[in-house]
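Good morning, and thank you for coming. Today I would like to walk you through one model and the surroundings of its ligand. Please look at the screen.

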Amino acid sequence: MKFRKFLAAGTGAALAFTLAACSGGGAGTTDDSSADATTGGGDAPAVTEGGTIGVAMPTQTSERWIADGDAVKAGLEAAGYDVDLQFANDDIPTQSQQIDNMITSGVSALIIAAIDGTALAQQLQQAADAGIPVISYDRLIRDSENVDFYVTFDNYNVGVQQATSLLVGLGILDADGVTETGETGPFNVELFAGSLDDNNAHFFWAGAIDTLQPFIDAGTIVVPSGQTDIEQAATLRWQQETAQKRMEDLLTSTYTGGDKVQGVLSPYDGLSRGIITALQNAGYSGTTADGFPVVTGQDAEIASVKLIADGVQFSTIFKDTRKLADQAVTVAQAYLAGEEPEANDTETYDNGVKVVPSYLLESDIVYADNIQSLLVDSGYWTAEEVESGQAS
Ligand code: BGC
């Protein structure tokens, strides 16, 4: 995936911005350590060329966050900014420290994809005190009034799409994802959720469970383990090994008398691959066409896209990180020009202190038969990458 090819349309080429030093959202800092506050005091606007924007991403263990980081960096650089891009190895103190350092070094704005959405209130207060606007990236930062804006996907709908693809894979819904086939099962399904400290995990779960519940109530879907609470299904830090271990435990605790798993709701491709490995190690084989369990996913990671092409994983959700990065750049530019960014949702994302104005993007369900149109034709992955299962 060559993100630099996709320099965000709309990031423009403006190299100079007028910073409204005293505006609410704040832009630039008035601190002497600021790299970009170039004019003096009073209420006079400071003028800068570019400036540095801090970008804090959670981890490099998942390729989506590497792609996000690269795309945000490329977009910001094209718009004339320097970028301090940091990954935190999924370690909360590391991310807090990285953000502390960004604030101390006087960044003009912060774009943050939090590891633990509840752990950054102190950093965000410091950012607010320094007049640095904070953009919450993909994951909502909670319990702080100092989140200025949120760019993300329609996370509830991602969960709906995951469950819809599971229902399609089981043959309960037609390929259109809407029409019920009349198939009554019952189908044995196990449920996985993401990390509870990630606000998104709750939205994915809610969208998925709301979609599955009528079929659970009708007895078309059963959950033999009985683990139907998000706390039971959760996967701390979205770790593949944790999901693999839980699937192994479910297989040995529940599927003993010849019962077979037929479907697994998985909210992220890394977890899906752990689940698939556990199933294969327990003797499940072949493709979904041969009866391998229907496993869902999210993020269109290349290893999972190949598994989908091979018929082993059934689906994933494509969230075009290029568009999200583009949106983050647009929002940062608006703040640094002293303007309010445009929101398309001002109701959904209550972070516990306030409803954060948001810009939501749409996602798509990927099946084997639309890999080409969604992922290859759009340039997200090349045909060679899909073939090999590796990013070049
Ligand atoms: C993101 C997903 C991702 C997950 C694990 C969530 O916050 O929205 O796209 O699969 O984190 O990294």
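Let us begin with the ligand, which sits in the largest pocket. Please keep in mind throughout that this is a predicted model.

Which residues surround the ligand? They are Arg64, Trp65, Asp138, Arg139, Asp198, Asn200, Phe204, Trp238, Tyr268, Gln298, Asp299 and Lys319. Sorted by class, this shell contains 6 charged, 4 nonpolar and 2 polar residues.

Where in the fold does the shell come from? Two helices, H1 (63–78) and H5 (199–217), each contribute at least two of its residues. At the level of domains, why does the ligand lie between domain 1 and domain 2? Domain 1 covers 3–147 + 320–361, and domain 2 covers 155–318 + 367–376 + 380–388. Both domains give residues to the shell, and therefore the ligand lies between them.

In Asp138, a polar side-chain atom is 2.6 Å from an oxygen atom of the ligand. For Asp198, the distance from a polar side-chain atom to a ligand oxygen atom is 2.5 Å. In Asp299, an N or O atom of the side chain lies 2.6 Å from an oxygen atom of the ligand. How much of the ligand does the protein bury? Taken alone, the ligand exposes 310 Å², and the protein buries 98% of that area.

Finally, I would like to point out two features of the backbone. As background, most residues other than glycine have a negative phi, and most peptide bonds are trans.

Trp238 is not a glycine, yet its phi is positive, at about 60 degrees. Trp238 is placed in the loop between helix H6 (230–233) and helix H7 (240–254).

The other feature is the peptide bond between Gly185 and Pro186, which is cis, with an omega of about 0 degrees. Pro186 belongs to the loop that runs between helix H4 (155–170) and strand S8 (187–191).

Thank you for your attention.

Terms used
Residues are numbered from 1 along each chain as its sequence is written. This is a predicted model: local features need pLDDT of at least 70, side-chain atom pairs count only at pLDDT 80 or more; totals for chains, interfaces and linings use all residues. Side-chain values use heavy atoms; hydrogens and water are left out. A residue is near a molecule or strand if one of its heavy atoms lies within 4 Å of it. A polar contact is a pair of N or O atoms within 3.5 Å; within protein, one must be able to donate a hydrogen and the other to accept it, and residues adjacent in sequence count only if both atoms are side-chain atoms. Accessible areas come from the Shrake-Rupley method with a 1.4 Å probe; for residues, only the protein chains shown count as cover. On a 1 Å grid over the protein atoms alone, a cavity is a set of points where a 1.4 Å probe fits but cannot get out, and a pocket is an open set with protein on both sides within 12 Å along at least five of seven lines; lining residues have an atom within 4 Å of a point. A molecule sits in a cavity or pocket if more than half of its atoms lie within 2 Å of its grid points. Helices (H or I, at least four residues) and strands (E, at least two) are DSSP runs, numbered from the N terminus. Ala, Val, Leu, Ile, Met, Phe, Trp, Tyr, Cys and Pro count as nonpolar, Asp, Glu, Lys and Arg as charged, and the others, Gly among them, as polar. Domain bounds come from an automatic or database domain assignment.
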